[in-house]
Amino acid sequence: MGQASEKNLESLLKLGAPEAVMAVAYAAGLTDELARRVWWASQNLATMEIARVMLMHPAVRAGAMGQVLADYLIEHLPFEEDPIAAMQSVRAVLAAGLLAPELRDQLRIELDLADADRAGATVSPSSREEPAMIRTWGTMVTPATHRSTL
């Protein structure tokens with residue numbers, strides 16, 4: 001698409017076509033306000049992909065839409081069917097620095113459990129008094145029950 005000005009991006013977004021919405025989401029000149037408009041226009045499209053793409057823009061990460069997009073990606077992460085897309089969502093949120101510390105710790109525990117499960121190892125409880133627990137698909141999972149839930 002080349003380098004488009006903000007005014008041209010606004011005009012393109014007014015078309016409302018899915019291709020136009022995606023083009024604006026990918027545009028280098030995306031601002032926080034344009035991201036808000038793209039987000040509104042993309043509600044019937046592939047919103048996970050659009051959220052990931054827009055979160056890569058520094059102006060969006062620093063603006064109000066950054067947290068909205070990060071929250072959306074984390075909230076909908078369990079419903080992502082493609083594992084590569086799921087990892088791209090995690091990468092986008094972590095790179096943006098918009099993940100709350102408790103959610104970052106929770107994600108780290110979940111990834112540790114998955115690594116241990118692939119290696120066939122037993123995961124010991126964390127150094128805290130309680131065993132490490134994560135919430136996956138609305139079910140509480142502990143290291144002891146992790147294998148049976150997969």
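User: In this predicted model, is His57 buried or exposed?
Analyst: The relative accessible area of His57 is 11%. A residue counts as buried when this value is under 20%. His57 is therefore buried.

User: Where is His57 found, and which residues is His57 in contact with, leaving aside neighbours within four places in sequence?
Analyst: His57 lies in the loop between helix 4 (47-55) and helix 5 (58-62). Once neighbours within four places in sequence are left aside, the contacts of His57 are Ala25, Tyr26, Ala27, Ala28 and Leu30.

User: How are helix 1 and helix 2 oriented, roughly parallel or roughly antiparallel?
Analyst: The axes of helix 1 (residues 6-14) and helix 2 (residues 18-26) come within 8 Å and cross at roughly 155°. Angles over 145 degrees count as roughly antiparallel. Helix 1 is therefore, relative to helix 2, roughly antiparallel.

User: Which residues of helix 2 do Leu9, Leu12 and Leu13 in helix 1 meet?
Analyst: Helix 1 passes helix 2 in a left-handed crossing. There, Leu9, Leu12 and Leu13 of helix 1 meet Ala20, Val21, Ala23 and Val24.

User: Why are the buried residues of helix 7 placed on the same side?
Analyst: In helix 7, the buried residues are Ala85, Ala86, Ser89, Val90, Ala92, Val93 and Ala96. They lie on the same side of helix 7 because around the axis they cover an arc of only 160°.

User: Which exposed residues does the face of helix 7 turned away from its buried side carry?
Analyst: Helix 7 comprises residues 83-96. On the face turned away from the buried side, the exposed residues are Pro83, Ile84, Arg91 and Ala95.

Methods
Residues numbered from 1 in each chain as written. Predicted model: local features only at pLDDT ≥ 70, side-chain atom pairs only at ≥ 80, totals over all residues. Heavy atoms only, no water. Helix = DSSP H or I, 4+ residues; strand = E, 2+ residues; numbered from the N terminus. Buried < 20%, exposed > 50% of the residue type's maximum accessible area, 1.4 Å probe, protein only. Contact = heavy atoms within 4.5 Å. Expected span 1.5 Å × (residues − 1). Arc of directions from axis to C-beta. Axes fitted to C-alpha atoms, helices over the stretch in contact; angles between N-to-C directions. Parallel < 35°, antiparallel > 145°, perpendicular 65-115°, else oblique. Left-handed = near helix turned anticlockwise from the far one by under 90°.
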